Amino acid sequence: MIVTVKCSHCGREFSKKFEDEKVLRVLLHGELVQDVFPELSADDRELFFISQICGDCWDEIFDEDIENKIELSAEEFADSK
Ligand SMILES: [Zn+2]
């Protein structure tokens, strides 16, 4: 089947063809995505089966997190002086 998802962050649509039987194993039987689709990239696993957030957005979110953390630790460093 073709699975189409809309990224919940940027709203872009992505489609990819998966074997029906494998999709059912994940969605109906709750098997781990990484066990059923070991060949799928982490980005695609997240996008299609886990969080519906695309790789680009993950990078963006992750970058923001890192920047926030760096800022925070700089503040902590200043406070400790
Ligand atoms: Zn996105």
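**Exercises: a hairpin and a helix**

S1 and S2 pair in the antiparallel sense, with five bridges between them. (Strands are DSSP runs of E, at least two residues; helices are H or I, at least four; both are numbered from the N terminus. Pairing takes at least two DSSP bridges.) Everything here is a predicted model: local features need pLDDT of at least 70, side-chain atom pairs count only at pLDDT 80 or more, and totals for chains, interfaces and linings use all residues. Residue numbers start from 1 along each chain as its sequence is written.

**Exercise 1.** Describe the hairpin that S1 and S2 form.

*Solution.* Start with the turn: six residues sit between the strands, and Gly11 there has a positive phi of about 80°. Next, pick a pair: Val3 stands opposite Lys16 in S2. Finally, check burial, which takes 20 or more other C-beta atoms (placed from the backbone) within 10 Å, while 12 or fewer means exposed and anything in between partly exposed.

**Exercise 2.** Work out which residues of H3 are buried, and what covers them.

*Solution.* Run through residues 42-50: Leu47, Phe48 and Phe49 are buried. They share one side of H3, because their arc around the axis (directions from axis to C-beta atoms) is only 155°. Then look for contacts, meaning C-beta atoms within 7 Å: the cover includes S1 (2-6), S2 (13-17), H1 (20-27), H2 (33-36) and H4 (55-79).

**Exercise 3.** Is Gln34 buried or exposed?

*Solution.* First place Gln34: helix H2. Now count: 12 other C-beta atoms lie within 10 Å, so Gln34 is exposed.

Definitions and conventions: Contact = placed C-beta atoms within 7 Å.
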